[in-house]
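Biologist: Could you walk me through reading strands in a model like this one? I would like the general idea before each case.

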Amino acid sequence: MNPAYHIKTGEDIHPSEAVLLITAGDFFFSYALMKHLSKEIVEFGYYTFSNDQDDKWTEFFKNNEVLDRRYLHTAIAYNPAASMLVPANYFKKDEIQSQLDCLFGQNFQTVTITEQIPEWNLYNITRISASLHHAINQHFVSGKSLTTNYVLLKNISGEKQSYILIDFRTDEFTVLIFVSNQIQLLKAFSYSSPEDVLFYLLKVCQQNGLSQREVKVMMAGLVEKDSAIFRELYKYFIHLEFEELPSGISLAEELNVCPRHYFSTISKLATCVL
């Protein structure tokens, strides 16, 4: 695994006073260490990898000093590309596997997770690596497991305005489209260039009847204002914003060297478990 980011303070936080937040996908693993009482994030690590780790996950967890401790709370949000939303009225448990196979192809080295989201009358169906799922369950025995889709939907604000949220990771991003108090789309895309990102955004706007001059586009994750991606999107979208941290959550001074929206998605995980 290749560390893309690792930022920490010099302060030693006792595990009984801290919360460990983890997000993990097909090609990335990230974590944030947060003080429980003050909700201040004091450490952040982001790693990338080119293929499934198989039996190396356990070794990675044990060799990482932060990940090999037992905290007051541990929360994990899986974030793979193979996920779908199903309206509750159309949900049939015995059809889940065939639907996933139809959309993403058969994969016998995965585990399927089903989450009900009653606030939106939806089910979130996610397929994750079996080796990652097993290693996390074995190492983080008391951890609470969710998916990033669940976390994003649980953190939608009460505003009525239509908007697009783009959550960037290395080589992929998730798009959430919220229109007229309804979820129109929640889907992950792979990309290799800024033009790829623009193409997908223009396409989903067209499919959902959204005006590029009117819709608000919020960006989170690994993207910066001086990046080629931002410049490309700014040519076509007027209302571009970077997402803020959830209310009550702050960053230690050392982490402020990075844009705050780097931590917005993983911070939302804390609001779902505390």
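Predicted model: local features only at pLDDT ≥ 70, side-chain atom pairs only at ≥ 80, totals over all residues.

Biologist: Which strand is joined to β11 by seven bridges?

Modeller: In general, strands of a sheet pair through backbone hydrogen bonds, either parallel or antiparallel. Here β10 (residues 163-169) is joined to β11 by seven bridges, and the two run antiparallel. Strands are DSSP runs (E, at least two residues), numbered from the N terminus, and pairing requires at least two DSSP bridges.

Biologist: What lies between β10 and β11?

Modeller: Two residues, making a hairpin; Asp 171 in that turn has a positive phi of about 70 degrees. β11 also forms a hairpin with β12, again with two residues between them, and Ser 180 in the turn has a positive phi of about 50 degrees. Eight bridges join β11 to β12 (residues 182-190), also antiparallel, with Glu 172 partnered by Ser 190 in β12.

Biologist: Are the faces of β11 covered or uncovered?

Modeller: In a regular strand, side chains alternate between the two faces of the sheet. In β11, Glu 172, Thr 174, Leu 176 and Phe 178 on one side are buried, as are Phe 173, Val 175, Ile 177 and Val 179 on the other. Buried means under 20% relative accessible area (1.4 Å probe, protein chains only).

How values were computed:
Residues numbered from 1 in each chain as written. Heavy atoms only, no water. Buried < 20%, exposed > 50% of the residue type's maximum accessible area, 1.4 Å probe, protein only. Helix = DSSP H or I, 4+ residues; strand = E, 2+ residues; numbered from the N terminus.
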